[in-house]
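Hi there,

Could you take a look at this one for me? I'm passing it over now, and my notes follow below.

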Amino acid sequence: MANSTTVKSPEQAQSAGMMAVVAPALGWLIPGAGHLIQRRWIRGLLLMAAIVIMFVLGILSQGRVYRLNGGDILDILGFVGDIGAGGLYIFTRAMDWGQGSIAHATADYGTKYIIVAGLLNFISVADAYHIAIGKKP
Amino acid sequence: MTLALSHFTAAVLFAVFASIVFGITQRSGAYEQIRYGLYCFVMFVGGVFVAGWLMWLLRR
């Protein structure tokens, strides 16, 4: 039996449907923004800080940012991870950063940081979607 | 500016950031999120020590 509190008006349903598209898209472009737009302030700020700091540390460690490629499978997967960072990836490519440096032994840590920051943002985007559709509070 | 993190520092920072994201995204309530985040952090850092000792044993 339907509970009266769970019944949504057409406007509310439309708004929720819109949020299910906007929140993940915004969350991908700006890490944490998918939560912030849904008023999950603390979660959004923590996710933003964690993902942005990780990405920036990767860049500062002279990590490599992968470009779209059709070569080695690990390079393709590296690109898939990197693209998860959304706006950070676009900005980094626009500034021509993330060339990678073989002169620094620790640059490989940076490459992994950048990939994982993107992958963590994918998880964050999925979480923002679950909040938007009401699957998670 | 070039940052040169030691292996251990890099591993601990990795654990901190990954644990924050895992804690927030994999649990619903605030208390559960903190608890799961701490659990992930301990597992990550504990894994570093276990792997370190295993490599030490293999080297001998």
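Of the 137 residues in chain A, 44% count as buried. Buried here means that 20 or more other C-beta atoms lie within 10 Å of a residue's own, exposed means 12 or fewer, and partly exposed is in between, with C-beta atoms placed from the backbone.

Before you dig in, a word on where this comes from. It's a predicted model: local features need pLDDT of at least 70, side-chain atom pairs count only at pLDDT 80 or more, and totals for chains, interfaces and linings use all residues. Residues are numbered from 1 along each chain as its sequence is written, while chains are lettered from A and ligands numbered from 1 in the order in which they are written.

Chain A has six helices and zero strands (DSSP runs numbered from the N terminus: H or I of at least four residues for helices, E of at least two for strands). Its C-alpha atoms fill a box of roughly 65 × 30 × 25 Å along the principal axes. Among contacts in chain A between residues at least 6 apart in sequence, 69% join residues at least 24 apart; two residues are in contact if their C-beta atoms, placed from the backbone, lie within 7 Å.

Now for the two chains together. How do α3(A) and α1(B) pack? Helix α3 (residues 41-60) of chain A meets helix α1 (residues 7-26) of chain B at an angle of about 150°, and their axes are 10 Å apart. Axes are lines fitted to C-alpha atoms, for helices over the stretch in contact, and angles run from 0 to 180 degrees between N-to-C directions. The pair is therefore roughly antiparallel, the word for angles over 145 degrees. On the α3(A) side, the contact includes A:Arg43, A:Leu46 and A:Met54, and on the α1(B) side B:Leu13, B:Phe17 and B:Ile24 are among the residues involved. By class, this contact has twelve nonpolar, no polar and one charged residues (nonpolar: Ala, Val, Leu, Ile, Met, Phe, Trp, Tyr, Cys and Pro; charged: Asp, Glu, Lys and Arg; polar: the others, Gly among them).

Two loop residues deserve a look as well. A:Gln62 isn't a glycine, yet has a positive phi of about 65°. A:Gln62 sits in the loop between α3 and α4 (73-83) of chain A and is buried, with 24 other C-beta atoms within 10 Å. A:Asp96, also not a glycine, has a positive phi of about 60°. You'll find A:Asp96 in the loop between α5 (87-94) and α6 (107-132) of chain A, and with 8 C-beta neighbours inside 10 Å, A:Asp96 counts as exposed.

Cheers

Note on methods: Angles under 35 degrees count as roughly parallel, over 145 as roughly antiparallel, 65 to 115 as roughly perpendicular and the rest as oblique.
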